[in-house]
Amino acid sequence: MRIDDNLKQIYQRIFAAAQNSGRHPEQIKLLAVSKMMPAEAVKEAYEAGQRVFAENRVQEWMEKHPLLPHDCEWHLIGRLQTNKVKYLNNQIALIHSLDRLSLLTALEEQGAKRNIIWPVLIQVNTARDPNKAGLMPQEVEDFLDAVADCQHIRVHGLMTIGALEATSEETRMFFRELRQIRDLLQTKEIPQVKLTELSMGMSRDFELAIAEGATMVRIGRRIFGERHY
Ligand SMILES: *Cc1c(COP(=O)(O)O)cnc(C)c1O
């Protein structure tokens with residue numbers, strides 16, 4: 001299948017999933033995950049009308065984004081090493097993977113030095129998978145209190161990745177818990193923190209995520225095809 005056909009199909013499925021759960025399709029942003037895909041493939045998606053893309057490695061983003069038109073919106077997903085923060089700039093629309101204090105400190109330092117306020121999501125390990133990144137659910141509140149002291153960070157919401165081996169019922173619970181954490185902490189009015197966004201759902205489970213309140217879905221393979229490692 002061609003990338004434009006894939007995109008059309010994904011948008012239809014997002015539309016249907018939103019309607020099935022009584023939501024407006026405009027509340028859900030599709031991030032086309034272009035990691036490991038050549039710039040030509042990303043251009044094909046661009047020509048089909050897609051403007052929002054996500055990469056998981058800073059190096060790859062640095063090489064790829066200058067090859068694409070300037071009106072692309074770039075998101076950073078996946079683990080971010082503190083020594084890579086210096087390569088980021090305000091062309092990153094959102095960092096989805098703030099998951100530890102050392103990264104918070106590195107972002108705050110670079111932000112202060114270069115006068116950048118970083119838009120971020122907090123990554124939460126709702127699957128409690130020891131091999132996965134993300135704060136444990138019970139750690140999120142204290143972490144947000146630490147964010148409140150950082151003038152160069154704005155938290156826009158939460159992000160989670162399911163677990164590879166989970167059943168769809170388990171996956172649904174991981175997504176539901178993320179929304180519940182959001183709902184609970186949203187009432188607290190923490191400085192620098194607004195919890196409007198829920199980034200959850202990938203190719204295999206985005207419809208479940210939409211049913212549980214996702215505002216951003218991150219889809220790679222169903223748009224670009226399989227990645228070859
Ligand atoms: C690769 C990746 C995705 C996209 O996964 P697909 O299965 O290709 O849809 C989404 N989120 C994160 C964090 C990823 O690393």
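Reply: Start with Arg128, which is partly exposed at 41% relative accessibility. On this scale, buried means under 20% relative accessible area, exposed means over 50%, and partly exposed lies in between, using a 1.4 Å probe and protein chains only. This is a predicted model, where local features need pLDDT of at least 70, side-chain atom pairs count only at pLDDT 80 or more, and totals for chains, interfaces and linings use all residues. Numbering runs from 1 along each chain as its sequence is written, and side-chain values use heavy atoms, with hydrogens and water left out.

Arg128 sits in the loop between S5 and H5. Helices (H or I, at least four residues) and strands (E, at least two) are DSSP runs, numbered from the N terminus. Arg128 is not a glycine, yet its phi is positive, about 50 degrees.

Contact here means heavy atoms within 4.5 Å.

Now H4 itself. Helix H4 spans residues 101–114, 14 residues in total. From first C-alpha to last, H4 reaches 20 Å, close to the 20 Å expected at 1.5 Å a residue. That expected span is 1.5 Å times one less than the number of residues. The buried residues of H4 are Leu103, Leu104, Ala106, Leu107, Glu108, Gln110 and Gly111. After H4 comes Asn115, with a positive phi near 60 degrees.

Another positive phi turns up at Met36. Met36 is not a glycine either, and its phi is about 65 degrees. Met36 lies in the loop between strand S1 (29–33) and helix H2 (39–47). Its relative accessible area is 35%, which means that Met36 is partly exposed.

Next, helix H6 (residues 168–186), which holds Arg182. Despite its charged side chain, Arg182 is buried, at 12% relative accessibility. Leaving out residues up to four places away in sequence, Arg182 touches Leu158, Leu195, Thr196 and Leu198. Arg182 and Thr196 are 14 residues apart in sequence, and their C-alpha atoms are 8.1 Å apart. Glu170 also lies in H6. With a relative accessible area of 40%, Glu170 is partly exposed.

Then the cysteines. Cys72 is buried at 10% relative accessible area, and Cys150 is buried at 9%. The disulfide count is zero, where a disulfide is a pair of cysteine sulfur atoms within 2.5 Å.

Last, the largest pocket. Its volume is about 520 Å³. A pocket is an open set of points on a 1 Å grid over the protein atoms alone, where a 1.4 Å probe fits, with protein on both sides within 12 Å along at least five of seven lines. Volume is the space filled by probe spheres set on the points, which are joined across faces, edges and corners. The lining has 21 residues, and Lys35, Ile161, Met202, Arg218 and Arg227 lie nearest the centre. Lining residues have an atom within 4 Å of a point. By class, the lining has nine nonpolar, five polar and seven charged residues. Ala, Val, Leu, Ile, Met, Phe, Trp, Tyr, Cys and Pro count as nonpolar, Asp, Glu, Lys and Arg as charged, and the others, Gly among them, as polar.
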